[in-house]
Amino acid sequence: MRARLAQLWAHHRIALLAFVVAIGALGFFGVRSLAATIYWMDPAHQEQRIKGWMTPRYVGQSYSIPRPVVEEALMFEKGSPLGRQRLSDIAAANGLTLDELQVRIDDATAAFRAEKDDKK
């Protein structure tokens, strides 16, 4: 095995390095995907009551709703970047409480799901 690696290193250095980088990337992204799948499959992380630390992306993942629905519920202008703003900051900027924001998210989620069911 060591002799074979030495031969590959001597004659195919670039290909061997590319292969090692590819295996490393596969491992990194595979572990990230598996961790995200396990996290979001946990019922404790699905449709959580919102908290101030959450971001719009987290809410979208938790409620399984697409970005445009989240943007509308959180009163973002179309095309504006959601970024990593916290819900507490979004609520304060719009003069709302987190409970009022929760109602908006629940209503948007219900409307999205009703529309989705109508299309079936």
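Let's start with L101, which touches I50, A73, L74, M75, L87, A91 and L96, leaving out residues up to four places away in sequence; touching, or contact, means heavy atoms within 4.5 Å. Before I go on: this is a predicted model, where local features need pLDDT of at least 70 and side-chain atom pairs count only at pLDDT 80 or more, while totals for chains, interfaces and linings use all residues. Residues are numbered from 1 along each chain as its sequence is written, and side-chain values use heavy atoms, with hydrogens and water left out.

So, the core around L101. The largest nonpolar core has 17 residues, and L101 is among those with the most contacts inside it, together with I50, M54, V59, L74, L87 and I105. By nonpolar core I mean a set of buried Ala, Val, Leu, Ile, Met, Phe, Trp, Tyr and Cys residues joined through side-chain atoms within 4.5 Å. Buried is under 20% relative accessible area, exposed is over 50%, and partly exposed is in between, with a 1.4 Å probe and protein chains only. Helices α3, α4, α5 and α6 each give two or more residues to this core.

Now the overall picture. We have six helices and zero strands, where helices are DSSP runs of H or I with at least four residues, strands are E runs with at least two, and numbering goes from the N terminus. The radius of gyration is 22 Å, well over the 14 Å that the globule rule gives for 120 residues, so the protein is more spread out than a compact globule. That radius is over C-alpha atoms, and the rule is 2.2 Å times the number of residues to the power 0.38. Along the principal axes, the C-alpha atoms fill a box of roughly 70 × 35 × 30 Å. Buried residues are 23% of the 120.

Which residues of α3 are buried? They're P56, Y58, V59, G60, S62 and Y63. That's six of the eight residues in 56–63, so α3 is largely enclosed by the rest of the structure. Its cover includes α2 (13–41), α4 (67–73), α5 (87–93) and α6 (98–119).

Last stop, W53, in the loop between α2 and α3. W53 is partly exposed, at 49% relative accessible area. Leaving out residues up to four places away in sequence, W53 touches Y58 and R86. And from W53 to I65, 12 residues along the chain, the C-alpha atoms are 19 Å apart.
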